[in-house]
Amino acid sequence: MTSNLKKTAEPFHKKDYKTEVEKELNENRELNAFMLIHGYIEAYLREWLFVYGKSSKESLKENILDDFDRMSFRNLVIIHSILGNINVKLFDKIQQLNKLRNDLAHELIQIDMNDNKNKKKIGNSARNGISICDEIFNLYKKRLDEKAKSLEK
Amino acid sequence: MTEYIYAYDPIIKRRVPHIIVNGWAISMVTGNRFWYGKRRTRK
């Protein structure tokens, strides 16, 4: 089912994470908002690495791609850091966001989502996630535009 | 302005950004291309 959903071509600019996440926040679904923005951050980091690479069609073997899909979020962020794509400040912000995501994912049953303090904390982290995603997206888009220049020639 | 779309790249079996050049959609990952047409995607 998901493969059918993925095959239609869609304009790049129509992926509007900000509106999607803000809609969740406005409707008091802080946890959804947080998980959504974390998902977008991860997706852009993965995509960026793909676009950054200079691998030929032949070298992108299926087993390499499968291993890439299994790469942890933490390793993904470390690779971007080593490549110089993200600075230390952004690295720390992403790691902090990911720590909360792991806490939420692994201790969800123990978290009281009716507690306003928790809702506020998660909501604020989701808002913070939007600005982190903005930073990542702008850096990624810059790289995308650089690579596009070589393809447009 | 450079125009991009998300489209399926059969070589890597993934949906990745493609750039539109003269009606061709070119995968930003593998360079695989398909005819996209001269339609305008930006509204």
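Author: Let's begin with a term: a contact means heavy atoms within 4.5 Å. Keep in mind that this is a predicted model.

Reader: Thanks! What share of the contacts in chain A between residues at least 6 apart in sequence join residues at least 24 apart?

Author: That share is 73% in chain A.

Reader: How many helices and strands does chain A have?

Author: You will find 7 helices and 1 strand in chain A. Starting at the N terminus, the order is α-β-α-α-α-α-α-α. As for dimensions, a box of roughly 55 × 30 × 30 Å, taken along the principal axes, holds the C-alpha atoms of chain A.

Reader: What part of chain A is buried?

Author: Of the 153 residues in chain A, 36% are buried. The chain exposes about 9,400 Å², with 50% of that area supplied by carbon and sulfur atoms.

Reader: And the charges: how many positive and negative side chains are there in chain A?

Author: Chain A carries 28 positive and 24 negative side chains. The centres of these two sets lie 3 Å apart.

Reader: Now the partner chain. How do I read the area buried between chain A and chain B?

Author: The general idea is that an interface's size is often given as the accessible area lost when the parts come together. Here, chain A and chain B bury about 2,500 Å² between them, and carbon and sulfur atoms give 62% of it. Chain A brings 29 residues to the contact, and chain B brings 25 residues.

Reader: How many salt bridges are counted between chain A and chain B?

Author: The count is 2 salt bridges. One salt bridge to look up joins A:Glu10 and B:Arg15, whose closest N and O atoms are 3.5 Å apart.

Notes: Residues are numbered from 1 along each chain as its sequence is written. Chains are lettered from A and ligands numbered from 1 in the order in which they are written. This is a predicted model: local features need pLDDT of at least 70, side-chain atom pairs count only at pLDDT 80 or more; totals for chains, interfaces and linings use all residues. Side-chain values use heavy atoms; hydrogens and water are left out. Helices (H or I, at least four residues) and strands (E, at least two) are DSSP runs, numbered from the N terminus. Buried means under 20% relative accessible area, exposed over 50%, partly exposed in between (1.4 Å probe, protein chains only). Accessible areas come from the Shrake-Rupley method with a 1.4 Å probe; for residues, only the protein chains shown count as cover. Lys and Arg count as positive and Asp and Glu as negative; His and the chain ends are not counted. The place of a charge is taken as NZ of Lys, CZ of Arg, CG of Asp or CD of Glu. Buried area is the accessible area (1.4 Å probe) that two parts lose on being put together, summed over both. A salt bridge is a side-chain nitrogen of Lys or Arg within 4 Å of a carboxyl oxygen of Asp or Glu.
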